[in-house]
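Here are some notes on the model you sent. Please read them with the sequence and the structure open beside you.

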Amino acid sequence: MAEENGTAEKPSYEQARDELAEVVKRLEAGGLTLEESLGLWERGERLAAVCEDWLEGARARLAAALERPDGGDAAAPF
């Protein structure tokens, strides 16, 4: 996550997902010190939380888009 002037900028879902995949790859490859492994693990946890936040937001937007204004029960379009 980029930091500029002391404020953290939230990466896009795709950026966080790609970086998380790279973190996992590095951890699985091994050859790291314990300190490096712990740092990567912590970074991975933060990236996973960012991804989860994006997915929760997407779920909420989708649910809102599928709600009918009259409250009626409509069949899901998919």
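**Notes on the model**

1. Arginine 17 pairs with aspartate 18 in a salt bridge, with 3.1 Å between the closest N and O atoms. The term is used here for a side-chain nitrogen of Lys or Arg within 4 Å of a carboxyl oxygen of Asp or Glu. Arginine 17 is partly exposed at 36% relative accessibility, and aspartate 18 is partly exposed as well, at 45%. Partly exposed covers the range between buried (under 20% relative accessible area) and exposed (over 50%), with a 1.4 Å probe and protein chains only.

2. The basis of these values should be kept in mind. This is a predicted model, in which local features need pLDDT of at least 70 and side-chain atom pairs count only at pLDDT 80 or more, while totals for chains, interfaces and linings use all residues. Residues are numbered from 1 along each chain as its sequence is written, and side-chain values use heavy atoms, with hydrogens and water left out.

3. By the salt-bridge rule the count is four. One of them joins arginine 59 to glutamate 52, at 3.5 Å from N to O. Arginine 59 also forms a salt bridge with glutamate 56, where the closest N and O atoms are 2.6 Å apart. Glutamate 56 and arginine 59 are three residues apart in helix H2, about one turn of the helix. Through shared partners, Glu52, Glu56 and Arg59 form one network of salt bridges.

4. The chain has two helices and two strands, in the order β-β-α-α from the N terminus. Both kinds of element are DSSP runs numbered from the N terminus: helices are H or I runs of at least four residues, and strands are E runs of at least two.

5. Which residues make up the largest nonpolar core? There are six: Ala16, Val23, Leu40, Leu47, Val50 and Cys51. Helix H1 (13-29) and helix H2 (34-66) each supply at least two of the core residues, and H2 gives the most, with four. A nonpolar core is a set of buried Ala, Val, Leu, Ile, Met, Phe, Trp, Tyr and Cys residues joined through side-chain atoms within 4.5 Å.

6. Valine 23 touches Leu40, Arg43, Gly44 and Leu47, leaving aside residues up to four places away in sequence. A contact means heavy atoms within 4.5 Å. Of the contacts in the chain with a separation of 6 or more, 54% are between residues 24 or more positions apart.

7. The C-alpha atoms of leucine 38 and leucine 27 are 9.5 Å apart, and the two residues are separated by 11 residues along the chain.

8. Lysine 10 has its charged end over the ring of tryptophan 54, 4.5 Å from the ring centre. The rule for this asks for NZ of Lys or CZ of Arg within 6 Å of the ring centre and within 35 degrees of the ring normal.

9. Of the 78 residues in the chain, 12% are buried. The accessible surface of the chain is about 6300 Å², and carbon and sulfur atoms hold 54% of that surface. These areas come from the Shrake-Rupley method with a 1.4 Å probe; for residues, only the protein chains shown count as cover.
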